[in-house]
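Please keep the sequence and the 3D view open as you read.

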Amino acid sequence: MLDHSYADYAWEQTAALLAIDSPSGYTDKAAAWVRDAFQALGFPAELTVKGGVLADLGGREGEGLLLEAHADTLGAMVAQVKGNGRLRLTSLGGMNANNAEAENVRVYTREGTCYEGTLQLCNASIHVNGSYSDVKRGFDTVEVVLDEDVKSGSDTGKLGIQTGDIVCFDPRTRRTASGYLKSRFLDDKLSVGILLGFAKYLKDHAVTLPRHTYVHVTVYEEVGHGGSASVPAGVTEAISVDMGCVGEGLSCTERQVSICAKDSGGPYSYAVVGKLIQAAKDTGADYAVDVYPHYGSDVEATLRAGADLRHGLIGAGVYASHGYERSHIDGVYNTLKVLCGYLGVN
């Protein structure tokens with residue numbers, strides 16, 4: 001029987017993965033961790049050429065199912081070492097300067113050195129800058145102030161920092177006593193944790209799935225092409241396990257599992273969405289069906305790459321997406337319920 005311990009396990013795995021910096025294009029360590037986590041549960045897993053992870057959960061023969069999530073996150077790259085020694089950035093994915101301002105960052109050089117700093121508005125002292133509140137935030141009006149004694153571009157260059165270096169933002173991960181899960185990058189490391197929780201349930205109960213099921217943890221979802229490769233032969237359905245949207249005009253909360261009927265890429269498979277809804281009902285999962293106005297998923301990249309399959313999308317509700325995000329352990333548990341119900345796991 002699926003109990004809350006698997007949601008707790010999913011969160012523990014999520015928290016461990018959140019501690020590994022992995023913006024799009026800088027995901028090798030995170031991918032290796034994910035591979036090792038599936039292997040530790042006894043499931044074959046390997047790195048794809050593209051850098052993602054493909055794990056085999058086994059199952060009987062017949063139409064295969066692919067579960068997709070992603071380990072890459074938002075982040076930034078050094079676009080310029082400025083004359084004052086500070087750094088101008090370009091975003092990786094949808095990182096927004098408005099909610100990244102005043103966040104602690106880590107800058108990784110090509111030599112493997114890591115330097116700390118803070119993303120600040122240019123001329124960030126309110127007692128000096130009378131226009132502080134009027135400046136439109138963007139990556140041309142904010143800069144990384146390094147926690148090093150640098151006063152010129154030459155000083156920063158001597159540290160080994162250069163254009164193209166990766167800049168990672170502090171996730172600030174925590175779980176509250178009331179069960180709320182708060183961190184940057186719950187999108188989509190929370191879903192990777194959920195899939196590991198599902199895999200642990202299969203292992204603990206020696207479950208043989210009724211259909212051959214794979215997990216693809218992608219590493220370029222935030223830039224649009226994560227799921228565009230590595231679909232195993234025989235797969236006829238793919239489900240993205242990604243964050244469920246929470247916000248004005250939608251019905252989902254952080255304590256529910258969200259089932260997406262349509263997003264900016266169009267409708268999901270009517271048949272698959274119907275089966276996901278039925279799985280939620282059958283397992284007693286607290287769920288919501290919503291339309292996401294500004295969203296795209298791995299499984300849509302899979303379709304655009306030419307895969308002939310049916311597609312769906314579920315995920316624990318997440319508020320403040322692409323910012324300092326919040327979900328709840330109940331949302332994790334309800335997502336696990338739907339996965340079990342969809343695959344006919346008791």
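The side chains of Arg172 and Glu103 come together in a salt bridge, with 3.0 Å from N to O. Keep in mind that this is a predicted model. The pair ties together distant parts of the chain, 69 residues apart: Arg172 lies in the loop between strand S9 (166-169) and strand S10 (174-175), and Glu103 in the loop between helix H3 (97-100) and S6. Are the two partners buried or exposed? Arg172 has 37% relative accessibility, so Arg172 counts as partly exposed. Glu103 has 5% and therefore counts as buried, the cut-off for buried being under 20%.

**Other salt bridges**

In the whole structure, a search finds 17 salt bridges. One of them joins Arg106 to Asp21, with 2.8 Å between the closest N and O atoms. This pair, too, links distant parts of the chain: Arg106 sits in strand S6 (residues 104-108) and Asp21 in the loop between H1 and H2, 85 residues apart. Arg106 counts as partly exposed because its relative accessibility is 23%. Asp21, at 12% relative accessibility, counts as buried.

Next, have a look at Arg255, which forms a salt bridge with Asp330; here the closest N and O atoms are 2.8 Å apart. Arg255 is in the loop between strand S14 (244-246) and strand S15 (257-263), while Asp330 is in helix H8, and the two are 75 residues apart. With 36% relative accessibility, Arg255 counts as partly exposed.

Which residues are linked in a network of salt bridges? Glu63, Arg211, Glu237, Lys275 and Arg310 are linked in this way.

**Helix packing**

Two packed helices are described by the angle between their axes and the distance between the axes.

| Helix pair | Crossing angle | Axis distance |
|---|---|---|
| H1 (residues 4-18) and H2 (residues 28-40) | roughly 155° | within 10 Å |
| H5 (residues 186-204) and H8 (residues 329-342) | about 55° | 10 Å |
| H1 and H8 | roughly 115° | within 9 Å |

Let's start with H1 and H2, whose axes cross at roughly 155°. That angle makes H1 roughly antiparallel to H2, and their crossing is right-handed. Gln13, Ala16 and Leu17 of H1 make the contact with Ala30, Trp33 and Val34 of H2. Sorted by class, this contact has 5 nonpolar residues, 1 polar residue and no charged ones.

H1 also packs with H8, the axes crossing at roughly 115°. This makes H1 roughly perpendicular to H8, and H1 passes H8 in a right-handed crossing. On the H1 side the contact is made by His4, Tyr6, Ala7, Asp8, Ala10 and Trp11, and on the H8 side by Ile329, Asp330, Val332, Tyr333 and Leu336. The classes here are 8 nonpolar, 1 polar and 2 charged residues. Asp330, one of the H8 residues in this contact, is also the salt-bridge partner of Arg255.

Finally, H5 and H8 pack at an angle of about 55°. That makes H5 oblique to H8, with a right-handed crossing. Leu190, Ile194, Leu195, Gly197, Phe198 and Tyr201 of H5 meet Val332, Thr335, Leu336, Leu339 and Cys340 of H8. By class, the residues of this contact divide into 9 nonpolar, 2 polar and no charged.

Definitions and conventions: Residues are numbered from 1 along each chain as its sequence is written. This is a predicted model: local features need pLDDT of at least 70, side-chain atom pairs count only at pLDDT 80 or more; totals for chains, interfaces and linings use all residues. Side-chain values use heavy atoms; hydrogens and water are left out. Axes are lines fitted to C-alpha atoms, for helices over the stretch in contact, and angles run from 0 to 180 degrees between N-to-C directions. Helices (H or I, at least four residues) and strands (E, at least two) are DSSP runs, numbered from the N terminus. Angles under 35 degrees count as roughly parallel, over 145 as roughly antiparallel, 65 to 115 as roughly perpendicular and the rest as oblique. A crossing is left-handed if the near helix is turned anticlockwise from the far one by less than a right angle, and right-handed if clockwise. Contact means heavy atoms within 4.5 Å. Ala, Val, Leu, Ile, Met, Phe, Trp, Tyr, Cys and Pro count as nonpolar, Asp, Glu, Lys and Arg as charged, and the others, Gly among them, as polar. A salt bridge is a side-chain nitrogen of Lys or Arg within 4 Å of a carboxyl oxygen of Asp or Glu. Buried means under 20% relative accessible area, exposed over 50%, partly exposed in between (1.4 Å probe, protein chains only).
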